[in-house]
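Biologist: I would like to go through this model with you. Could we begin with how the chains meet?

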Amino acid sequence: MTIAPQAAEARAPAAPAARAPAPGHRHEMLYFALRNKKLVFGLCLVSLMLLTAIAGPYLARHAPMEYGGPPGAAPSRDYWLGTTMFGQDVYAQFVNGLRVSFLVGALAGGLAAVIGMLVGFTAGYRGGWTDELLNMLTNVVLVIPTFAVLLVVAAYLTVRGVVIEALLIAFTSWPWAARAIRAQTFSLTSRDFVDVARLSGVPWWKIVLKEIAPMMSSYLFMAFILMFGGAILTAATLDFIGLGPTNTISLGMMMNYSVTNAALQLGFWWWFIPPGLAIMVVVGGLYIMNVGLDEVFNPRLREM
Amino acid sequence: MTRYIARKLLIYGLTFVVAVTIDWAIPRFMPGNPVENLVARISLKPEASEALTSYYTQAFNLDDPWWKEYLNFWVALFHGDLGRSIMQFPTPVTTLIRRSLPYTLGLLIPAILLSWYAGNKVGALAARRKVLDNTVLPVGYVLTATPYMWLGILLAWLLGSTWRVFPVAGGYDFSLRPEWSWVFIQSLLYHWFLPFMSLFLVAFGGWAIGMRNMIIYELESDYAHYLEALGAPSRLVRKYAFRNAMLPQITGLALVIGVVVAGNLVTEIVFSYPGLGSLILNAIQNEDYFLIQGIFLVIIICVLVANFVVDIVYVLVDPRTRTGMVGKRA
């Protein structure tokens, strides 16, 4: 999530609005979407990994935490990605860990997007004291190094599941989205069609849902994608420090075990290359998809 | 300008209070009884257990109402008392942190500043230039999507274990003692290089892409088109675009500090670098909660200070904040 937030935030005022979903418009979008190499490439990467995460575990011949293979064996017919120092099947760990990564990413990214929207819409539309308060909250959570908070909370939870980890990440990663959404809501609120809706007595949450949200649906989708990728990275970092889920394997934990058990010195590359590579491919694919989407939605960015 | 700074300070003050409150509240409101758990865990060392029990009863003052406990926590904090480490028992947490902090800052500060500078330069150069853009963009995306620890692992494996160009563990050669000698400083730099590179590279990718995208937005804006229409050389147009694109990048610097700090912690773990990251891994493995809480506070303070520095820079760079035309970003 290194570049994504500030880049997305900085261009927030430029990107939104002005794109009412007209009927013929949708075909045009699809046309540009399929023609956009970045979008298609990113989508392919992510889908490939998703497929591996879904189907992979069914092909595994061993349980991920099961001991019994030859210790530290290189990839072979029996063990497709070799074995760990303790004779566990790296392939089984890898595909199951990938599944966990997608799960945490989707859950945390989705929830963070929802919180960001709730706060952003409310603050931007209501204004006044509500806005002041929510804005203060957003700024505080934005400034606080969320990772440090995750660290302390996770350290005190002795039993941690995938859902808990996703919740923790979601509760700390929504602020930049909330800020960008607030800014856009702010500018959309003064538009004529919103005034008309307000004059006809539509309740405010309905105006937000029916009038304002559709105007920035493309932006909301992109924000979700960025938070998806960011959550996967955060989860991997947390797992690597030893604060990941306690009841399952994950990609970050694989890297942790390999480093702490001297896989680097012993040259067991099959143990630490796949988990990091998978994260890189998934997150990179999501980021590239995001750029592609940006170009599809924003004609000014299309390469001629 | 005073209003801008005052508002920022208010937010930082509030953040600090929230952080301290979290630090105080979490051990108390987590399921189970952490005091009993903690004391039970170190029951192997009777003298430590005894001292700790008394320390806890004193620190938590369990008979006191919660607000009094809370006040006590603040008082202790302002006396610089973060409790005592459990894994190295009588040592105060502050001593352990003070020992590790220089290594962490020595990695973090150069990595953040240099990656920011280089990333902005390269990103600006690459925007709307076909050949360069086609290399910078993919490389940037690969780098920024790489988990910090994995790049560290790769570098340590390739340059450390396989080709043996750089050392893979420690902050300096184990045969040396920390002192101000040329040999020691050389060893320090030698061990510093790989962790620095892994931090630098990941952050660099992010900045380069951010700057490239920002410049493209600027080059598409009205003033840039107007300048072009007037026949200004593209170098001039780019110069103005760069200046405008810098402002969000400075704000971005404040936003990503937390992310880089997290990256720094895991990078240190990969290289067994004697900074806060390795300390926190030890603390987690030994369930040394005082140490974890102490490191948490130190990280918060560092990040808040860094944010404030960025704000000051922003005031110096953006005249609008000085004349009181506070933008919405304030």
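Modeller: This is a predicted model. In it, the contact takes 59 residues from chain A and 70 residues from chain B.

Biologist: What area is buried between chain A and chain B?

Modeller: About 5900 Å² is buried between the two chains, and carbon and sulfur atoms give 76% of that area.

Biologist: How many salt bridges and how many polar contacts are found across the interface?

Modeller: The rule finds zero salt bridges between chain A and chain B. For polar contact, it finds three residue pairs, both residues being at pLDDT 80 or more.

Biologist: Which helices of chain A each supply at least two residues of the side that touches chain B?

Modeller: Among them are α1 (4–10), α5 (128–143), α11 (217–241) and α14 (269–297) of chain A. The largest share comes from α14(A), with 13 residues.

Biologist: How do the residues on that side of chain A divide into nonpolar, polar and charged?

Modeller: There are 39 nonpolar, 12 polar and eight charged residues on the side of chain A that touches chain B.

Biologist: A change of topic: where does Thr135(B) lie?

Modeller: Thr135(B) lies in chain B, in helix α6, which covers residues 130–145.

Biologist: Is Thr135(B) buried, exposed or partly exposed, and why?

Modeller: Thr135(B) is partly exposed, because its relative accessible area is 44%, and that class falls between 20% and 50%.

Biologist: What does the side chain of Thr135(B) reach?

Modeller: The side chain of Thr135(B) reaches the backbone oxygen of Leu132(B), at 2.7 Å.

Biologist: And how far is Thr135(B) from Ile112(B) in space?

Modeller: From C-alpha to C-alpha, Thr135(B) and Ile112(B) are 23 Å apart, and in sequence they are 23 residues apart.

Note on methods: Residues are numbered from 1 along each chain as its sequence is written. Chains are lettered from A and ligands numbered from 1 in the order in which they are written. Side-chain values use heavy atoms; hydrogens and water are left out. Helices (H or I, at least four residues) and strands (E, at least two) are DSSP runs, numbered from the N terminus. Buried means under 20% relative accessible area, exposed over 50%, partly exposed in between (1.4 Å probe, protein chains only). A polar contact is a pair of N or O atoms within 3.5 Å; within protein, one must be able to donate a hydrogen and the other to accept it, and residues adjacent in sequence count only if both atoms are side-chain atoms. Contact means heavy atoms within 4.5 Å. Buried area is the accessible area (1.4 Å probe) that two parts lose on being put together, summed over both. A salt bridge is a side-chain nitrogen of Lys or Arg within 4 Å of a carboxyl oxygen of Asp or Glu. Ala, Val, Leu, Ile, Met, Phe, Trp, Tyr, Cys and Pro count as nonpolar, Asp, Glu, Lys and Arg as charged, and the others, Gly among them, as polar.
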